[in-house]
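Here are some notes to read alongside the model. Keep the structure open and check each point as you go.

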Amino acid sequence: MSPGEPAGELTKQETVRRYLKAQIESGMSAHEKLPTERDLAASFGVNRLTIRRAIDDLERHGMVYRVQGSGTFVSATPISKTLEFTSFSEDMRQRDMVPGSLSVSLSVEPAGMAVGYALGLSPALPVVLIRRVRTANGAPMCLETTRLPAELVPGLEDGIHGDSLYDDLADRFGIDVVRADQQIQATVLGQEDAAELQVPPFSPAFLVQRTAYDARGRAVEFAQSLYRGDRYSYTLSIARTSIPKES
Ligand code: 16G
């Protein structure tokens, strides 16, 4: 769902996109042909432009490819599946660093409008708020502010068992976080955040916002992570989805 859109009311394009994505992930084979835009438009009772835009989005994410005059086909290796979804702890271990947390604060507060929207919760419902300075080899790397629906994680406000939130969610609450929508933005650190990350004010940082979902499709976490720009980098493995035409 895109920001500004009311939760629970999907646009037609988003409905089609989710339907096709689910079809692809739940059993279509590589190179299998998708129904035609005309047939999809008829089944969903929408115009072809809506279908085309939904497919454009899947193409951008590497899930399908188009062959002019033939149709749209499922990609051999959907990129969205090969992009790795990791927790901070896993991410650091992959970089041969030891993950940890320097300071932690936990509380319970009403979700409010923005977080309620992201988690599909009424703004008045409580969320558990966790703020952690995450470390790599003992040095601050990231400032993490995470909110989870309180009703899904009773007792979490008393503390995370161990260093990894995701391990604790799985072990204590049976919540397996499997997927996330994520946005990465460049920013600079305000004074307080900079002090916690032990860098001068206005140092550059990455702000990563994540809405994470469990296997049942429930939004279970809304997190904002501020990574020190001097210590962190993003690496993506990407594949070309359409070959440029010869001129
Ligand atoms: C990552 C996630 C964060 C999650 C944390 C859990 C991003 C941008 N954020 O930092 O949402 O809460 O991992 O890590 O990737 P943990 O299991 O080590 O506590």
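Which element gives the largest share of the shell around the ligand?

1. Start with that shell. The model is predicted, so treat every point below as a reading of a prediction. E8 gives the largest share of the shell, four residues. Strand E8 covers residues 219-228.

2. Now take the whole shell. The ligand is surrounded by 17 residues. Ser-89, Glu-144, Ser-164, Leu-165 and Glu-221 are the closest. By type, the shell holds six nonpolar, five polar and six charged residues.

3. Look at the polar atoms next. In the side chain of Glu-144, a polar atom lies 2.4 Å from an oxygen atom of the ligand. Phe-88 uses its backbone instead: one of its backbone N or O atoms is 2.8 Å from a ligand oxygen. For Arg-134, an N or O atom of the side chain is 3.1 Å from an oxygen atom of the ligand.

4. How much of the ligand does the protein bury? Alone, the ligand exposes 450 Å². The protein buries 98% of that area. Several elements give two or more residues to the shell. The helices are H5 (88-94) and H7 (165-173). The strands are E4 (126-136), E5 (139-149), E7 (204-214) and E8 (219-228).

5. Turn to helix H1, residues 12-25. At 1.5 Å a residue, and counting one less than the number of residues, its 14 residues should span 20 Å. The C-alpha atoms at its ends are 20 Å apart, so the two values agree.

6. Which residues of H1 are buried? They are Glu-14, Val-16, Arg-17, Leu-20, Lys-21 and Ile-24. These residues cover an arc of only 160° around the axis, so they sit on the same side of H1. Note that the list includes Glu-14, Arg-17 and Lys-21, and that Glu, Arg and Lys count as charged.

7. Compare helix H6, residues 112-119. Its buried residues are Val-115, Gly-116, Ala-118 and Leu-119. Seen down the axis, they fall within an arc of 160°, so they line one face of H6. Met-113 and Ala-114 are exposed on the other side of H6.

8. Last, find Pro-204 in strand E7. Is Pro-204 buried or exposed? Its relative accessibility is 54%. Exposed means over 50%, so Pro-204 counts as exposed. Gly-190 is 14 residues away from Pro-204 along the chain, and their C-alpha atoms are separated by 9.9 Å.

Notes. Residues are numbered from 1 along each chain as its sequence is written. This is a predicted model: local features need pLDDT of at least 70, side-chain atom pairs count only at pLDDT 80 or more; totals for chains, interfaces and linings use all residues. Side-chain values use heavy atoms; hydrogens and water are left out. A residue is near a molecule or strand if one of its heavy atoms lies within 4 Å of it. A polar contact is a pair of N or O atoms within 3.5 Å; within protein, one must be able to donate a hydrogen and the other to accept it, and residues adjacent in sequence count only if both atoms are side-chain atoms. Accessible areas come from the Shrake-Rupley method with a 1.4 Å probe; for residues, only the protein chains shown count as cover. Buried means under 20% relative accessible area, exposed over 50%, partly exposed in between (1.4 Å probe, protein chains only). The arc is that of the directions from the helix axis to the C-beta atoms.
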